[in-house]
Amino acid sequence: MRQRRTTGLITALWTVLAIVLAGCADTGGGRVEIVVATFGEFGYEPLFTEYERLHPDIHLVGRVSDFDSHHRDLITALAVGRGAADVVAVEEQYLPRMRQVKDKFVDLATYGAGDLRPQWAPWKWEQGLAGPTVLGLGTDMGGLAMCYRRDLFAAAGLPTDRDEVAKLWPTWDGYAATADRFAERSPGAKFVDSAGTIYTAIVNQGEQNYFAKADDSFIGDTNPRIRRAFDVAAGLATRKRTAGVTTFTQPWNVAINQGAFATITCPAWMLAQIKQSGGAAGTGNWDVTSIPEGGGNWGGSFLTVPAQGAHPREAYEVARWLTAPEQQKALFLHDAILPSEPAVYHDPAVLGHTDPYFADAPVGRIFAASSDQVRPNYRGLRDADVRPKFGLALGRVEDGTQSVDAAWEQAVREARETLRWPG
Amino acid sequence: MAGVTSRRLNGAVLLVAPFVLVFAVFGVFPLLYTAWMSVRRWHLIDGDHGFVGLANYARLFADPDFYHALGNTVCILVVATAVQMVLSLWLAVLLDRATRGRALWCSVALLPNVVPAVAVALIFAQLFGRDYGVVNWLLKLVGAGPVNWQAHSWSAYLGVAAMVVWRWTGYNALLCLAAMQTVPRELVEAAQLDGASRWRVFRSVTLPLIRPTVSFTLLMSVVGGLQVFTEPQLFDVAGLSGTGGNDRQFQTVVMYLYEQGFGRWDAGYAATVSWSLFLLCAAFGVVNAFVFRRPRSGAGP
């Protein structure tokens, strides 16, 4: 009796185990499962359905997280040799370091990616290379504009028409002066989300920032553009024109939703973020106009295929399809994700596109029309080590815990210190 | 006779074998591997770049950021542990006195400990939010100005310590309660007959008798406090990329380890930080064992 009960128990355990294992192994229903990991708003979900319709043997799974978690997950997966998605988006900030470990990625040229080259703006294609290796296929880019709240501008007695608004700030000094005018009339809201976004935009308007393009030496302390960006941004912070919310954090989302600030520098991909945080109720509140002192590029990503995946060919096919011109066009028309391919941003449908959420702003004209002028900024090998030091310094100014000069000096000192050690 | 002893020994070995095996795989091996990494230049993704001797340790001992992180860790630990010990003893006394529904109250006391640290940290970070946080809203009700909790060391220590206290007080209270229930009733009653107040009974009878448990609880909360990570990391609005505020004002040692290993990809240096932390924990364990070795002879009145 006792014997039989034990046997019965063991049988039951085995059955449960078998069911669990079968359940785990069979989620794809016999199809090949390809996991695509992205961060923020790539707008891929509708495209996945379309791809599965075209390729019934593929099951696409999207994995979306925030910027930091996404890249940290990738790094951890590369370090331990497992756990990475089949297709992983990498933002340009992380590219220099990924190039260092390029053998952890599939060389996409082995599947014929080299033939796709003419599709992209030449600089975008080159960013995705590591020597002869094709590390990633370009997705979007981050042409710069300025987003502003029409309702808050009207309340502060400022013009609301986007051409009139652009005339307020031909230069960053004009922008700062507008901030002061805004503050006099509208004490409830701040003028800009944080010193950090203004700083980053100004830095990204230049061709080189922390490291010299010629020899990768550190020039963060001598490059006049960096100091100017720091002074403009810190000036806004000391005069309390910033809401002091860090981009993409929970307080930042809430601040957008509550209308806590009136302007934000808008790389094209920012529009989707604002829409998401602002919600449907925010339709028509925001508008888009040009940024002081011309264009620039802030960010942009690439799709890579980590070498540890089980289905590199299928993964490559997915990455190729997602970055193909038709899909880039669809992504722009739907989510204002700015294409990095000339054929797409010269497309009349793209150029003529307006966005009802942003008061019917001609986003096609604003972003796509200036795309030919977009140039990448040179990112040094140690860029990711140095960059945060200056952001934190601005945070200290914003918190009121340090003067502008002391914050700057500390940032430079910390940058030099971190470069003393191998990275 | 000898046969029986050796058979008994075999049985004992068999019984402890699973633990020893698990401990070897998840305890000893990582410890030794980390020691090995700490004397090498080790890139997180690229792996081993060769032996560097004690260079990582030399760098660590001269690293002001490490000492700064250590200082933060100790401050948070002292605040959190002190509050925790007092609260959990008090809670244990209350639970000990409860005549009805003790099991229910015990479960309630344990609830905060069951909630994952990440969830606790995310919620507390929102409670302590500068613009829309509940704590600042309450402060405003009593007429105090809003506090930018993350911007200053002292306020951030309080915020992080609050999370730790919230998570561990109930758990520690249960440990103390278990010990209190082993205190012989006769001793307590005898003291009461002698006219001792409740406080006097607690201080002179209960406390000396539960001393080993208090010592253990203290050790665990200090070791846990030295390793505190999730709470302060997520208290930083910048999340995973945060370094404990804009000026490292609440960066703990493990956060610094994380920054070095997963932010700068310097796994060798991170291993060095990790080993130094292990030595600190071990040193505290030894001191603790020494101080609380056994109840002083003639304890009690």
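Biologist: How many of the 301 residues of chain B count as buried, as a percentage?

Modeller: In this predicted model, 34% of the 301 residues of chain B count as buried.

Biologist: And which secondary structure elements does chain B have?

Modeller: Chain B has 13 helices and two strands. Its C-alpha atoms fill a box of roughly 75 × 70 × 35 Å along the principal axes.

Biologist: What share of the chain B contacts with a separation of 6 or more comes from residues 24 or more positions apart?

Modeller: Such residues account for 71% of those contacts.

Biologist: Turning to helix packing, at what angle do α10(B) and α13(B) pack?

Modeller: Helix α10 (residues 211–226) and helix α13 (residues 267–291) of chain B pack at about 165°, and their axes are 10 Å apart. The angle therefore makes α10(B) roughly antiparallel to α13(B).

Biologist: Which residues make the contact?

Modeller: On α10(B) they include Leu218(B), Leu219(B) and Val222(B), and on α13(B) they include Leu280(B), Cys281(B) and Phe284(B). By class, the contact has nine nonpolar, three polar and no charged residues.

Biologist: Is that crossing left-handed or right-handed?

Modeller: The crossing of α10(B) and α13(B) is right-handed.

Biologist: Now chain A. Where is Phe367(A) placed?

Modeller: Phe367(A) lies in helix α17 of chain A, which covers residues 363–367.

Biologist: Why does Phe367(A) count as buried?

Modeller: Phe367(A) is buried because 31 other C-beta atoms lie within 10 Å, and the cut-off is 20 or more.

Biologist: What does Phe367(A) touch?

Modeller: Leaving aside residues up to four places away in sequence, Phe367(A) touches Gly143(A), Ala145(A), Ala268(A) and Leu338(A).

Definitions and conventions:
Residues numbered from 1 in each chain as written. Chains lettered and ligands numbered in written order. Predicted model: local features only at pLDDT ≥ 70, side-chain atom pairs only at ≥ 80, totals over all residues. Helix = DSSP H or I, 4+ residues; strand = E, 2+ residues; numbered from the N terminus. Buried ≥ 20, exposed ≤ 12 C-beta atoms within 10 Å, placed from the backbone. Contact = placed C-beta atoms within 7 Å. Axes fitted to C-alpha atoms, helices over the stretch in contact; angles between N-to-C directions. Parallel < 35°, antiparallel > 145°, perpendicular 65-115°, else oblique. Left-handed = near helix turned anticlockwise from the far one by under 90°. Nonpolar A, V, L, I, M, F, W, Y, C, P; charged D, E, K, R; others polar.
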